[in-house]
Amino acid sequence: MSLLQVAILAVVQGLAELLPVSSSAHVVVAEKLMGLDPSSPPTTLLLVMLHTGTMFAVVVYFFSRWRGTYFQTMTAFKIFAWHIVLATVLTGLIGEGLVKILEQTALRGSPHADIEDLFSHLELIAPALALAGVLILVADIRTRRRRSLPEDDLTTGQAAIIGLVQGLSLPFRGFSRSGSTISAGMLAGTPRLRAESFSFALAVVLTPPVVAREMMRLVHNQTLSGLGAVAPAVFSSLLGAVLSFLAGLIALKWLSDWLEGGRWYLFGIYCLCAAAIVATLHHIGY
């Protein structure tokens, strides 16, 4: 993978990450258009490292809001920590359970069945995008019909629902993590800004173990031989993380305002249009 290709993917990731349109789906499609294999260990590691770069951009951008919401008092922090632990555990149970089911069904017979082998399948990304679009539209319609909600604390039930839905997004490229979790929170009665803050806090917690998993997959994959083959992929991934961090910071200055400006439904429409484009790309042979 050339440095130009890494830079393109980093910019795509950085610009799309904070929108509920599945940045990973956009990166996978960009990889396919550039002739790369999205299911290979180096490219899946790059994708995870791009998420890491934008994760740090999210931390820089949201830290003041989190500090004012979750770290004002010890009681607020304990409630926040409990909700994070609960949601993360449920994410792991649902996500890993789905991964095992898919590896033993859809990937049965493969010599080294990995869920990442499905990431190059545009015929799976298209319906996942469409489902995310429908969820966003439904959440927007239901929220508009309810009267304005105060920025109350997240309840344990709402945190559990968000964690469960986040687990559904792990195995499926195209089913936007941020779009699905924020929408799930809205449908559960969580004010949109509180659902957004909690969703991105969960992303910060979730990213490190996912990065560690992909690093282990890269090192142990039999298509690579020794650390000498791993080093170039790691270097490219680190470079991509830096570029996606910078792109994410630039995007946050205007994308977050759009996200919070009452135009949530536009993201649902975009996901449906993107699903149609991805389905077309698959039909013509990508």
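Is the crossing of H5 and H10 left-handed or right-handed? Let's get the overall picture and then come back to that pair.

## What you're looking at

This is a predicted model, where local features need pLDDT of at least 70, side-chain atom pairs count only at pLDDT 80 or more, and totals for chains, interfaces and linings use all residues. Residues are numbered from 1 along each chain as its sequence is written, and side-chain values use heavy atoms, with hydrogens and water left out.

The protein has ten helices and zero strands. Helices here are DSSP runs of H or I with at least four residues, strands are runs of E with at least two, and both are numbered from the N terminus. Read from the N terminus on, the elements go α-α-α-α-α-α-α-α-α-α.

Of the 286 residues in the protein, 48% are buried. Buried means under 20% relative accessible area, exposed means over 50%, and partly exposed is in between (1.4 Å probe, protein chains only). Now for contacts, which means heavy atoms within 4.5 Å. Among contacts between residues at least 6 apart in sequence, 81% join residues at least 24 apart.

## H5 and H10

Back to the opening question: the crossing of H5 and H10 is left-handed. A crossing gets that label if the near helix is turned anticlockwise from the far one by less than a right angle, and it's right-handed if clockwise. By class, the contact of H5 with H10 has 20 nonpolar, three polar and three charged residues. For these classes, Ala, Val, Leu, Ile, Met, Phe, Trp, Tyr, Cys and Pro count as nonpolar, Asp, Glu, Lys and Arg as charged, and the others, Gly among them, as polar.

The axes of H5 and helix H10 (residues 264-283) come within 8 Å and cross at roughly 165 degrees. Axes are lines fitted to C-alpha atoms, for helices over the stretch in contact, and angles run from 0 to 180 degrees between N-to-C directions. H5 and H10 are therefore roughly antiparallel to each other. The cut-offs are simple: under 35 degrees is roughly parallel, over 145 roughly antiparallel, 65 to 115 roughly perpendicular, and the rest oblique.

Not counting residues up to four places away in sequence, Arg 144 touches Gly 262 and Tyr 265. Arg 144 and Gly 262 are 118 residues apart along the chain, with their C-alpha atoms separated by 9.3 Å.

## H1 and H2

Next, go to helix H1 (residues 3-16) and helix H2 (residues 23-33), whose axes come within 8 Å and cross at roughly 160 degrees. H1 and H2 are therefore roughly antiparallel to each other, and their crossing is right-handed. On the H1 side, Leu 9, Val 12, Gln 13 and Ala 16 meet Ser 23, Ser 24, His 26, Val 27, Ala 30 and Glu 31 of H2. That contact has five nonpolar, four polar and one charged residues.

Val 6 also sits in helix H1, and at 0% relative accessibility it counts as buried. Leaving aside neighbours within four places in sequence, Val 6 is in contact with Met 1, Leu 46, Ser 236 and Gly 240. Val 6 and Leu 47 are 41 residues apart in sequence, but 9.9 Å apart in space, C-alpha to C-alpha.

Which helix holds Leu 206? Leu 206 lies in helix H8 (residues 192-220) and is buried, with a relative accessible area of 15%. Its contacts, leaving aside neighbours within four places in sequence, are Thr 91, Gln 166, Leu 170 and Arg 177.

Thr 52 has its place in helix H3 (residues 41-70) and counts as buried at 12% relative accessibility. Not counting residues up to four places away in sequence, Thr 52 touches Thr 207 and Val 211.

## Aromatic rings

How many aromatic pairs does the structure hold? There are seven. Rings of Phe, Tyr and Trp (its six-membered ring) pair if their centres lie within 6.5 Å; planes under 30 degrees apart count as stacked, over 60 as edge-to-face and the rest as tilted. Phe 71 and Phe 77 form a tilted pair, 5.7 Å centre to centre with 35 degrees between the planes. Phe 71 counts as partly exposed at 37% relative accessibility, and Phe 77 is partly exposed with a relative accessible area of 35%.

Ring pairs also link Tyr 61, Phe 62, Trp 66 and Phe 200 into a cluster.
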